[in-house]
Amino acid sequence: MKRLVAALVVASALVAAGVATRADEGMWMPQQITQLAAKLKSMGFEGDPKAFADLTGQPMGAVVSLGGCTASFVSPDGLIVTNHHCVTGALQFNSTPERDLLANGYLAKSREEELPNGPGARVFVTTRVTDVTDAITGRLDAKLTDRQRYDTIDRRLKERVAACEKEGLRCSVPSFFEGLKYFEIAQLEIKDVRLVYAPAEGIGVFGGETDNWRWPRHTGDWSFYRAYVGKDGQPAAYSKENVPYHPKHWLMVAAGGVKPGDLVFVVGYPGRTQRHQTYAEVKATTEWAMPRAIRNAEEQLAILDRLAKQDKDLALKVAGRVQGLNNGLTNTKGVLEGLVKGGSLVRKQEAERALAEWIGADPARRQQYGDVLPAMQQLQEASLKTRERNAALAGLSGASAYLGAAQTIYRLSLQRPKSDIDRDQGFQERDWSRLREAQQRLQRTIDPTVDRALLSWAMAKAAALPAGQRIEPLDQAAGLRPGLTEAEASKAIASYLDTLYAGTTLADATVRLGLLDKSTADLQAAGDPFIALAAALEPLNESVREAGKDLAGAYARLRPRYMEAMLARAGGLVAPDANSTLRVTFGQVKGVRARDGLFYEPHTTLQGIVEKHTGGGEFNAPKAQLEAIAALRAGKKTPYLVPDLGDVPVNFLSTVDTTGGNSGSPTLNARGELVGLLFDGTYESVASDYLFDTVKTRSIHVDSRYMLWTMSEVDGAGHLVKEMGR
């Protein structure tokens, strides 16, 4: 096992004052934590910061990725805890109209009752991080064109991944600091993941969309998986013969929880932040992308809500999509409000203006960085010319599972004859099993009624495009053209959709899986209308991808220098933007004055559940939980009651820096013990993905004491509490 690289220093020497002024901002790479020892000591940390740099030790070796959420081992038998909303897919996969696990939850009383999570479920355990910057971007000829630069970097990335995966691991080589640094991430990939326990939605989703991104919060956002492997201890596909995975490290649940002012850490896999984007990029997002995303989400939710009310089976099929759309909608609204009304966009503009002035104030800096911001501005402006068409084109497959499947099948047939190194990322041989699993998993949600309604909506968007940005293959196939009235376009779309859905066989999983192995000629001969549409759209899709590669090559020349300038001016240690890799953030349990006259207390309690309970809708606490609360009020003893609160704590706030992907991340105390799970942020915080607010940013955690109390007193999951050593 290679040790982690030395701490990343990308600017001039770290000054202690520079770190202190950053408050709790920073989704830090594990190897950077050792450079924050002074800050941690000032906050009361008595441990060794080097523990966070050792990915194979405690506590880092216990933290895993689910490929979109974070989780952690909490027993030597592979028991995994994460958020309830991170297991929606597993609940949906195992539900039927007669057995609705989304509503009622699930508890396996024995290992034999633990349910398969379905094809494609994964647990990733990071085992090694290696600096490979020189191997990826070293010795690049300055004379390379933008496209040649892209192709060279792309090939080097594939070669590194292929070499790494010879060890039987799953590997990636993401960039950090906008391409200034590259690190190779090696992960153990566990393929048999089973559902163990999820509370009912009246606990796990209590408050629903009304409380989403809000405080005070009373949501029991936890669930449990278990990881299984073959009898040889190696990752294996699901089999009844598999045995629980035995991790080298797991987290212990703290007996005492946390109190206001306590230092807490969150370790996880945050998805994406955009703090290092240019002002022009953020401005375009604010003025076009976000308003568009809000409109689209609201329109899709209206369609899905109408369909779900008509049929219980349809409601189950669209539940995950509805939850994702609602969560994204609230988040996007909050970000937009923070950027515009909150003034973050103005501060971003001021910061970039200051950077430009700093560059211009010194001849050497002008020589090194003077062309970067103007060149990036030109690239940004050029990308706006086709954004309407490109967004509508992507929206077609995003709306329709049928078309998305057809495009995957057809594109794979084009990529398969190439040598593996020349195939596009995502379509190499290492990806084929995942493509197949995606088609298998799709069977639980694919439905012609839902699909047609959403594709009709997406095609109406395409029909309304201006003359200069038309999707011509779609126009030809569906009889669309500029200038049609809405009624005329709707009639043409309906007629075309009749043909598509009447002639396709893609609803059959066996058919889809069989087509994944077919040649392009065989697919064309099969005559499926969705395959024919995918083939017709492919040249345009390919031209968009090619333009994207050219643009990426141009940015690969500029962004690293842009970051060099930013970091040099900052004069200290800076965290890179989140990119779904393992990060550590820390802060304190602390309330906040959210707005004038409104202060958020740091803890909520069981009393809030009673006060919010209505007996229906989003605030419908289970009868067993209300009875357990009543018993507590009547004097029943519990070790989870906090004297200072006079109650069992439910959720708490902290100043840690988190974003999407951190969902399910373990919240640790100063001793590395589990005290909660990160599951959300406050509405006032969400714009921090673009510009961190050191005053108002707060993250929301479910308190481990509430989890343990509910498991013990409400859901009969005492055997799991015992397994966790409590």
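Two strands count as paired if DSSP finds at least two bridges between them, and the strands and helices themselves are DSSP runs, numbered from the N terminus, with at least two residues (E) for a strand and at least four (H or I) for a helix.

Before I go on, a word on what we're looking at. This is a predicted model, where local features need pLDDT of at least 70 and side-chain atom pairs count only at pLDDT 80 or more, while totals for chains, interfaces and linings use all residues. Residues are numbered from 1 along each chain as its sequence is written, and side-chain values use heavy atoms, with hydrogens and water left out.

Let's stay with strand 9, residues 181–190. How many of its residues are buried? Ten of the ten, so the strand is largely enclosed by the rest of the structure. By buried I mean under 20% relative accessible area, with exposed being over 50% and partly exposed in between, using a 1.4 Å probe and protein chains only. Both faces are covered: on one side you have Lys181, Phe183, Ile185, Gln187 and Glu189, and on the other Tyr182, Glu184, Ala186, Leu188 and Ile190.

Now, who pairs with strand 9? Strand 6, residues 123–131, runs antiparallel to it and is joined to it by eight bridges; there, Arg128 sits opposite Ala186. Strand 7, residues 170–172, is also antiparallel to strand 9, over three bridges. Then there's strand 8, residues 175–176, antiparallel again, with two bridges to strand 9. In that pairing, Ser175 has Tyr182 as its partner. Strands 8 and 9 make a hairpin with four residues between them, and Phe177 in that hairpin takes a positive phi near 55 degrees.

On to the cysteines. The structure has two disulfides, where a disulfide is a pair of cysteine sulfur atoms within 2.5 Å. Counting bonded cysteines along the chain, the pattern is 1-2, 3-4. The link is left-handed, at -85 degrees about the S-S bond. Cys69 is buried at 14% relative accessible area, and Cys86 counts as buried at 15%.

The other one joins Cys164 to Cys171, S to S 2.0 Å. Its S-S torsion is about -65 degrees, so this disulfide is left-handed. Cys164 is buried at 3%, and Cys171 at 4%.

Last stop, further along the chain. There's an open sheet of seven strands in the order 14-13-19-20-21-18-17, with antiparallel pairing. Which strands sit at the edges? Strand 14 (583–588) and strand 17 (603–605), each pairing on one side only. Strand 13, residues 263–268, pairs with strand 14 over six bridges, antiparallel, and Leu263 stands opposite Gln588 there.

Helix 26 lies across strands 17, 18 (649–654), 20 (674–681) and 21 (699–703), at about 35 degrees to strand 21. For that, contact is heavy atoms within 4.5 Å; axes are lines fitted to C-alpha atoms, for helices over the stretch in contact, and angles run from 0 to 180 degrees between N-to-C directions. Helix 26 spans residues 704–713 and is mostly covered, with eight of its ten residues buried, Trp709 and Met711 among them.
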